[in-house]
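Hi everyone, thanks for making time for this. Have a look at the sequence and the model on the screen while I talk.

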Amino acid sequence: MDGLARLPFPAATSFGWRQRTLKSAIDCVGVGVHSGRRINLVIRPATADHGIVFRRTDLGRSIAARVENVCDTKLCTVLADPDMPSARVGTIEHLMAAFAGIGIDNALVEVNGPEVPILDGSAGPFLFLLDCAGFIEQEAPRRIIEVLRTVRVTAGDAYAELRPLGPVTRASHPILEMDLSIDFTASAIGRQSCSLRLTPDNFRHEIADARTFAQACDVRQLQASGLALGGSLDNALVVDGAAVLNPGGLRMDNEFARHKLLDAVGDLALAGGCVHGRFIGYRSGHDLNNRLLRTLFADATAWRDVTTEPLSVVA
Ligand SMILES: [Zn+2]
């Protein structure tokens, strides 16, 4: 990448009203954290209203990055082709977060294996790729999903909520306010929280570089079961009780909570548009994030699609 300037996206304090795609295709190669396989990733520009679509080039199948196509949320967020459930793409959440974090609506993501490369376990390398590709604005207006009524999903004492923030206006722009708290028995993590108003600047500077994490005992168990085969200290924080095992330690305060917030940004991007509302998560993860969106969309009184409203509503 020598000689290539990192090109920050403009309009960094808001997402704007028009859809965006990449200016050019960009690619990389990396390991899949669960399969341990070497995966080629190519991200291509796409037309307006195409959305984010994953394509398994080895199987010739395409899968829209939409909440209804999520088939598994245990270790990561996995999409499946509804017409061929064996055609899956996993570990999509950090790339989806990068798209949502800087406001890319349309792209074709090609992979030649069952998951997106983990790279360094954060969204930082994906952001770098998108910056290198650059972006263009498209004619079509961005889809905005306004939360009208609070929805909440729970699992034990864990929960995730979306609350209304009032109507979207031209002056206010769509806003996703986020608050997330975690509580782990490993004292290296413990109780942490992170709050963020999602803007391109805040995404880039506050959460994009926060890495995924695991407890050493869980990693040993997963690898004995044939999972996390590509996991290493190069692509995840690993904690053992009070110790962070990575030689370089943490990149930032509250890196664990920041990463959970990053995951939530990626999972909420499966709504297929900008969510305008307030997200609150307590010990939430991929499963609750997915159930939250499904619960929202199941109740037609809980949300509205602002781009389908007359222009005067957003003018
Ligand atoms: Zn993650």
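I'll go through some helix pairs, a couple of loop residues and one histidine.

First, some housekeeping: this is a predicted model, where local features need pLDDT of at least 70 and side-chain atom pairs count only at pLDDT 80 or more, while totals for chains, interfaces and linings use all residues. Residues are numbered from 1 along each chain as its sequence is written, and side-chain values use heavy atoms, with hydrogens and water left out.

When I say helix or strand, I mean DSSP runs numbered from the N terminus: H or I with at least four residues for helices, E with at least two for strands.

Let's start with helix 1, residues 93-102. How many of its ten residues are buried? Nine of the ten are, so helix 1 is largely enclosed by the rest of the structure. Buried here means under 20% relative accessible area, exposed means over 50%, and partly exposed is in between, using a 1.4 Å probe and protein chains only. Among the buried ones are Glu93, Met96 and Gly101.

Now its partner. Helix 1 packs on helix 2 (residues 124-133) at about 50 degrees, and the axes are 9 Å apart. Axes are lines fitted to C-alpha atoms, for helices over the stretch in contact, and angles run from 0 to 180 degrees between N-to-C directions. That angle makes helix 1 oblique to helix 2; under 35 degrees would be roughly parallel, over 145 roughly antiparallel, 65 to 115 roughly perpendicular, and the rest is oblique. On the helix 1 side, the contact (heavy atoms within 4.5 Å) is made by His94, Leu95, Ala98, Phe99 and Ile102, and helix 2 brings Phe126, Leu127 and Leu130. Why do residues a few places apart in a helix point the same way? An α-helix has 3.6 residues a turn, so residues three or four places apart do that.

Next pair: helix 3 (residues 200-207) and helix 5 (residues 255-268), whose axes come within 10 Å and cross at roughly 140 degrees. So helix 3 is oblique to helix 5 as well. Phe203, Glu206 and Ile207 of helix 3 meet Arg258, Leu261, Leu262 and Val265 of helix 5.

Helix 5 also meets helix 6 (residues 286-298), with axes within 9 Å and a crossing of roughly 35 degrees. Asp263, Ala264, Asp267 and Leu268 in helix 5 touch His286, Asn289 and Leu293 in helix 6.

On to the loops. Most residues other than glycine have a negative phi. Threonine 91 has a positive one, about 55 degrees, and sits in the loop between strand 8 (84-89) and helix 1. Aspartate 49 is positive too, near 65 degrees, in the loop between strand 3 (38-45) and strand 4 (52-56). Which of these is buried, and which is exposed? Threonine 91 is buried because its relative accessible area is 4%, while aspartate 49 counts as exposed at 61%.

Last stop: histidine 276, in strand 19 (residues 274-282). Histidine 276 counts as buried, at 2% relative accessibility. Its side chain reaches the backbone oxygen of glycine 166 at 2.8 Å. Leaving out residues up to four places away in sequence, histidine 276 touches several others, including Ile144, Leu165, His173 and Ile175.

Definitions and conventions
A polar contact is a pair of N or O atoms within 3.5 Å; within protein, one must be able to donate a hydrogen and the other to accept it, and residues adjacent in sequence count only if both atoms are side-chain atoms.
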